[in-house]
Amino acid sequence: MIRKIFPPNKSVFTVDSNGDGKIDSLQIKFINLLLPFVIPKEIEIGDFNIKELDPTSLDVSKYGKFFLDDTELNFSKDNVNLDTIKDRLLIYHKGESFNFDDIMEGKLVGRTINLNDSVSLFLKLENDTLKKFSKGSHSFRIESDLVSNLVINFELDESNMNIKFDPNNT
């Protein structure tokens with residue numbers, strides 16, 4: 001099922017988000033193949049409730065381990081700067097973007113994600129981080145006690161690398 005929701009050659013892209021000819025972002029695209037759903041007002045996963053989330057003290061590393069290929073990614077509170085995340089994270093659905101503050105303010109609540117709709121997460125990344133997204137096969141893995149462990153396999157090639165951003169193709 002994960003391979004259908006995140007098709008290996010159609011789910012991860014390296015993107016030039018501002019048209020300057022330089023790759024600066026990673027796009028992760030999810031395709032809803034299950035059934036239409038509405039973004040709920042409250043999201044709870046195990047003991048985690050998004051309404052109780054204090055972004056200034058968020059330590060994602062408490063909720064699981066994250067890996068790109070075999071390298072663990074450090075999302076500890078000491079390593080992640082909230083202001084940087086606010087400036088570098090966008091979610092796109094049907095050509096409309098939502099930044100971190102929009103999400104925290106509930107601007108996605110009530111939005112319907114129809115069958116075959118795609119939702120894209122855009123992350124502006126530093127050049128040294130983007131270099132890790134080289135041509136070939138990769139995997140992103142989450143190990144957590146909150147949810148089942150998740151592995152997303154993806155491939156990067158000419159079709160999904162170094163692409164100019166198109167908000168209508170998100």
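**Reading a sheet and its loops**

Modeller: Asparagine 162 lies in the loop between β13 and β14 (163-164); strands are DSSP runs of E with at least two residues, numbered from the N terminus. This is a predicted model, in which local features need pLDDT of at least 70, side-chain atom pairs count only at pLDDT 80 or more, and totals for chains, interfaces and linings use all residues. Residues are numbered from 1 along each chain as its sequence is written, and side-chain values use heavy atoms, with hydrogens and water left out.

Biologist: Is asparagine 162 buried or exposed?

Modeller: Buried means under 20% relative accessible area, exposed over 50%, and partly exposed in between (1.4 Å probe, protein chains only). Asparagine 162 has 54%, so the residue counts as exposed. Its phi is positive, about 55 degrees, although the residue is not a glycine.

Biologist: Which phi value does aspartate 69 have?

Modeller: Aspartate 69 has a phi near 55 degrees, again positive in a residue other than glycine. Aspartate 69 sits in the loop between β6 and β7 and is partly exposed, at 26% relative accessible area.

Biologist: In what order do the strands of the open sheet lie?

Modeller: Strands of a sheet pair through backbone hydrogen bonds, either parallel or antiparallel. Here two strands pair if DSSP finds at least two bridges between them. The open sheet has four strands in the order β7-β6-β12-β13, with antiparallel pairing. β7 (71-73) and β13 (150-156) are at the edges with a single partner strand each, so one side of each has no neighbour in the sheet. From one strand to the next, the twist averages 25 degrees, where axes are lines fitted to C-alpha atoms and angles run from 0 to 180 degrees between N-to-C directions.

Biologist: How many bridges join β6 to β7?

Modeller: Three bridges join β6 (residues 65-68) to β7, and the two run antiparallel. Leucine 68 has threonine 71 of β7 as its bridge partner.

Biologist: Where is tyrosine 63 placed?

Modeller: Tyrosine 63 belongs to the loop between β5 (48-49) and β6, and is partly exposed at 31% relative accessibility. Its C-alpha atom is 6.2 Å from that of serine 144, although the two residues are 81 residues apart along the chain.

Biologist: Where is valine 147 placed?

Modeller: Valine 147 is found in the loop between β12 (136-143) and β13. Valine 147 is partly exposed, with a relative accessible area of 39%.
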